[in-house]
Amino acid sequence: MLCRILRCEVSHTITRPTMLVARTAPERSMRRLSTVDESDAFPTSFASWNLDCPRVYRCADKRGEAFTTYLWGSNTESRATWEVAGGAIFGVALSDSVLLHEGDEYPLHGGMYFAVPHAAVVKGGSGLFIALREKGNTLFTLGGPIEEQGALRYIDGCSDTLLIAPMRLGEPCLNYLHFPSKTKQTRHTHPSSRVGLVMRGRGTCFYGQADEHQVPLRVGTAFVIPRDVDHYFETDDAILDVIAWHPDSDFGPTDDNHPMINRTILDCVQTAQSSPV
């Protein structure tokens, strides 16, 4: 018996705390997995977990504003229906599932990604939710599956694709990052937290003084890298593909700089510019 289909009710004003709940068939009962409150700790070092252990983390962008990260699904509850509510929701599917939005169903295959304003319901499968608390700016977006390698050049021979661009300068974005085999990244930091999910391949993340910490990365490993933490990724004879979410960006349109206005030429402006002084 399949899980009961839930209707995703979208409201423009969300006042309740961000939460993740699960409904399972045939009982159709709700079981709260996590509710975020102000006592939740921010990770101070690289943190990782796997699909067998659903987790929640609160993290911060470079301004210190909070967002919440959920891992949905597990090997033991693949038939559950998962709901997250709060602000804008970003997500990526690791295995086949169904996204429910305003009464419609959208199949999600492994490697597909989405953005939903205010609330998201996913039936079955597994993947990653990133939820902004009680705020956020996004349109309903569904894309993928991800490519074999990224469309843009990144450091040390890696490549990336901007999957969901920021709607305005400084807002969140979702990225796909590809590491070829036998890659050793240059040690680096980021000015805000990073949230990731390993989609394909394997590798290792090194962090801490003299590489004292090593974290194996396998398909289904989710992770949070707090801002300003020194780290790098390394692969052996396998590639590594990661979905990476950024809570902010230095890229995006503004009211005075976007394609529509940049490519609109007013006759009066042209006339004024071409008239002799």
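Which element gives the most residues to the lining of the largest pocket? In this predicted model, that element is β16, with 5 residues.

## The largest pocket

The largest pocket has a volume of about 600 Å³, and of the 30 residues that line this pocket, the closest to its centre are Tyr 154, Asn 175, His 190, Arg 194 and His 246. Two or more lining residues come from each of β15, β16 (173-179), β17 (194-201), β20 (222-225), β21 (231-234) and β22 (240-246). By residue class, the lining of the largest pocket divides into 16 nonpolar, 9 polar and 5 charged residues.

Leu 152, Leu 162 and Phe 251 together make a nonpolar surface patch of about 280 Å². Of these, Leu 162 belongs to strand β15, which covers residues 159-164, and Leu 162 counts as partly exposed because its relative accessibility is 32%.

## Backbone features in the loops

The loop between β13 (141-143) and β14 (152-153) holds Pro 145, and the peptide bond that leads from Gly 144 to Pro 145 is cis, with omega near 5°.

Asp 156, in the loop between β14 and β15, has a positive phi of about 55° although it is not a glycine; with a relative accessibility of 35%, Asp 156 counts as partly exposed. His 118, which is likewise not a glycine, has a positive phi of about 80° and sits in the loop between β10 (113-116) and β11 (119-123). His 118 counts as buried, because its relative accessibility of 15% falls under the 20% cut-off.

Key. Residues are numbered from 1 along each chain as its sequence is written. This is a predicted model: local features need pLDDT of at least 70, side-chain atom pairs count only at pLDDT 80 or more; totals for chains, interfaces and linings use all residues. Side-chain values use heavy atoms; hydrogens and water are left out. Patches are made of residues with over 30% relative accessible area and no salt bridge: like charges are joined within 9 Å, nonpolar side chains (Val, Leu, Ile, Met, Phe, Trp, Tyr) within 5 Å. Accessible areas come from the Shrake-Rupley method with a 1.4 Å probe; for residues, only the protein chains shown count as cover. A salt bridge is a side-chain nitrogen of Lys or Arg within 4 Å of a carboxyl oxygen of Asp or Glu. Helices (H or I, at least four residues) and strands (E, at least two) are DSSP runs, numbered from the N terminus. Buried means under 20% relative accessible area, exposed over 50%, partly exposed in between (1.4 Å probe, protein chains only). On a 1 Å grid over the protein atoms alone, a cavity is a set of points where a 1.4 Å probe fits but cannot get out, and a pocket is an open set with protein on both sides within 12 Å along at least five of seven lines; lining residues have an atom within 4 Å of a point. Grid points are joined across faces, edges and corners, and a volume is the space filled by probe spheres set on the points. Ala, Val, Leu, Ile, Met, Phe, Trp, Tyr, Cys and Pro count as nonpolar, Asp, Glu, Lys and Arg as charged, and the others, Gly among them, as polar.
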